[in-house]
Amino acid sequence: MTTEKRWLILSHGFNMDGRAASQTITDKVPYLLDAGIKPIVFSAITGIKDHRFPHRQFLAWGPAAFRFDFRHWVANQYGRGLLYKVLTGVVSILLAPLIGLEKLILGYSSQWSWALPAFIHGRKLIRAGQIDLVYSTGGAWSAHLVGLWLKKSTGIKWIAEIHDPMVIRKSPVDDGLAKPKNRDAQFRQYLEKQISRFSDFVWWFTEGAVHYAKVRNTNLNTPGNAHGFMVLPGAEPPGGLNAAKTHLYTDKLNLSHSGSLAKDRSLSTILNALHALFQKYPQAREKIRVHAYGAALDELTQDAIKQFNYQDVVIAHGRLEKDPATGKSGRERVVEKMQEADVLILLHGNDEWCAEYIPSKFYEYLWTGRPIWGITHRNPQLDEMLSGRGAYLSHEGDEAGIAMALERIWLDWRERRLIEPKWLPLGVDQAVFKILSEVQKDKESI
């Protein structure tokens, strides 16, 4: 599709198992290879080295990032046993004074210093005529910083993929233009301006993120500045799914959540609604179970379990690892559990940045063919995608609406007529096609 085949991909966390920032780029690689792209990947040492193409891993130069990267490297090499505890403990003690100094002087997030070796090696490749285009992706903003430095020092074409908004707004009336107090936030605000000015293409993953970036950077999409647009990242079919499965109802209504939990994405929201439902339908107490996969329970959920005595209602499965008996990977096992669930819970959060964010788990859920109960916050695009496919939809903070949705799920389950969503998954192929099309379109317009 594009004649610029030799791409330098900058991804700090490339091939890090279980990291959404890694999966966002690694899932694209097979499609890029199919399109004839010849990638060279620069990453930190935190992931597994890829042998399908040149993959160079650099140790960060700053003490905080060194400690972070070293921990992951040791875990990958030797596991998290006694040796891991001894080595990482010694390194942490030795580096503590330097980390404190780095924090005091700069105040940036730890990964910033990875940009230094990545820039030096990237510049050498570009000067040697081995690279046609630089593709920064993150996640970690150090990848974009490398892209900016390479663009300014060599003039090479630069495309940037921004996973999460770089400027975190605090309220619906906050446009993100005010100078943040936090130095890391100040630098991210500066970097967004630089990306909007110097990159050739930049894309975000929601319409809200593009909108607010344009509000802050009015030069975006004007001649001589970056061309910004929206790409839905999608997800590869987890566990090789290629069709919805016929659902088997059991004697329990199983609600299932996969992914991380926190105070702003807490199953306590569900438990509070369940408490009201159980008062109205006492028989539901023995019939409904809430399953949590992939992470420990958050503090609010633990408190709610104690308060309502729901130790038997909530089942925390934690992270599923590879099953040595069946040979199934952790991801395959999670997918099986997703497909067995009656309803999948999607907790969006309650921060203002939800207006610019769609959880990556949503795209995996779509492949399972199971109904989703989305509790969303200020994101019309996500609401439309859920409604268009058939889903139970509530909004964060709307206790009455959440209670009504749960009651509807309960009644639908009792009658064995839960919503059957439309099979409309979004793969990664559509994202790669969009990116390549935009790059090619620009080339043809020159």
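This is a predicted model: local features need pLDDT of at least 70, side-chain atom pairs count only at pLDDT 80 or more; totals for chains, interfaces and linings use all residues.

Student: What makes E11 and E12 count as paired?

Tutor: Two strands pair if at least two bridges are found between them. E11 and E12 have 4 bridges, and they are therefore paired under that cut-off of at least two. As one example, Ile 345 has Trp 373 in E12 as its bridge partner.

Student: How do you know that strand E8 is joined to E11 as well?

Tutor: The same test applies. E8 (residues 253-258) and E11 run parallel and are joined by 2 bridges, and the requirement is at least two. Leu 255 stands opposite Val 343 in E11.

Student: Why is E11 called mostly covered?

Tutor: A residue is buried when its relative accessible area is under 20%. In E11 (residues 343-347), 5 of its 5 residues are buried. In a regular strand, side chains alternate between the two faces of the sheet. Here Val 343, Ile 345 and Leu 347 are buried on one side, and Leu 344 and Leu 346 are buried on the other, which leaves both faces covered.

Student: Which strands stand at the edges of the open sheet, and why are they called edges?

Tutor: The open sheet has 7 strands in the order E3-E2-E1-E4-E5-E6-E7, with parallel pairing. Strand E3 (55-57) and E7 each have a single partner strand, so one side of each lacks a neighbour in the sheet. On average, neighbouring strands of this sheet are turned by 15° against each other, direction ignored.

Student: What makes E4 and E5 partners within that sheet?

Tutor: Strand E4 (residues 133-138) and strand E5 (residues 157-162) have 6 bridges in the parallel sense, against a requirement of at least two. Gly 138, for instance, has Ile 162 in E5 as its bridge partner. Helix H6 (residues 142-154) packs on the sheet, where it touches E1, E4 and E5, and its direction makes about 165° with that of E5. Helix H5 (residues 115-127) lies across E1, E2, E3 and E4, and runs at about 155° to E2.

Student: How do you know that helices H3 and H4 are roughly antiparallel?

Tutor: The axes of H3 (residues 63-78) and H4 (residues 82-105) come within 8 Å and cross at roughly 170°. Angles over 145 degrees count as roughly antiparallel, and H3 is therefore roughly antiparallel to H4. Their contact has 14 nonpolar, 2 polar and 3 charged residues. Among them are Phe 66, Phe 70 and Val 74 of H3 and Leu 87, Val 91 and Leu 95 of H4.

Student: What angle do helices H11 and H12 make where they cross?

Tutor: The axes of H11 (residues 330-340) and H12 (residues 360-368) cross at roughly 65° and come within 9 Å. The crossing is right-handed. Arg 331, Met 338 and Gln 339 in H11 meet Lys 361, Glu 364, Tyr 365 and Thr 368 in H12. These residues divide into 2 nonpolar, 2 polar and 3 charged.

Student: Why is Trp 413 called buried, whereas Arg 378 is called partly exposed?

Tutor: Buried means under 20% relative accessible area, exposed means over 50%, and partly exposed lies in between. Trp 413, in helix H14 (residues 399-414), has 4% and is therefore buried. Arg 378 has 35% and so counts as partly exposed. Beyond its neighbours within four places in sequence, Trp 413 is in contact with residues including Tyr 249, Lys 252, Asp 342 and Leu 418. Trp 413 and Lys 252 are 161 residues apart in sequence and 9.2 Å apart in space, C-alpha to C-alpha.

Technical notes. Residues are numbered from 1 along each chain as its sequence is written. Side-chain values use heavy atoms; hydrogens and water are left out. Axes are lines fitted to C-alpha atoms, for helices over the stretch in contact, and angles run from 0 to 180 degrees between N-to-C directions. A crossing is left-handed if the near helix is turned anticlockwise from the far one by less than a right angle, and right-handed if clockwise. Contact means heavy atoms within 4.5 Å. Ala, Val, Leu, Ile, Met, Phe, Trp, Tyr, Cys and Pro count as nonpolar, Asp, Glu, Lys and Arg as charged, and the others, Gly among them, as polar. Angles under 35 degrees count as roughly parallel, over 145 as roughly antiparallel, 65 to 115 as roughly perpendicular and the rest as oblique. Buried means under 20% relative accessible area, exposed over 50%, partly exposed in between (1.4 Å probe, protein chains only).
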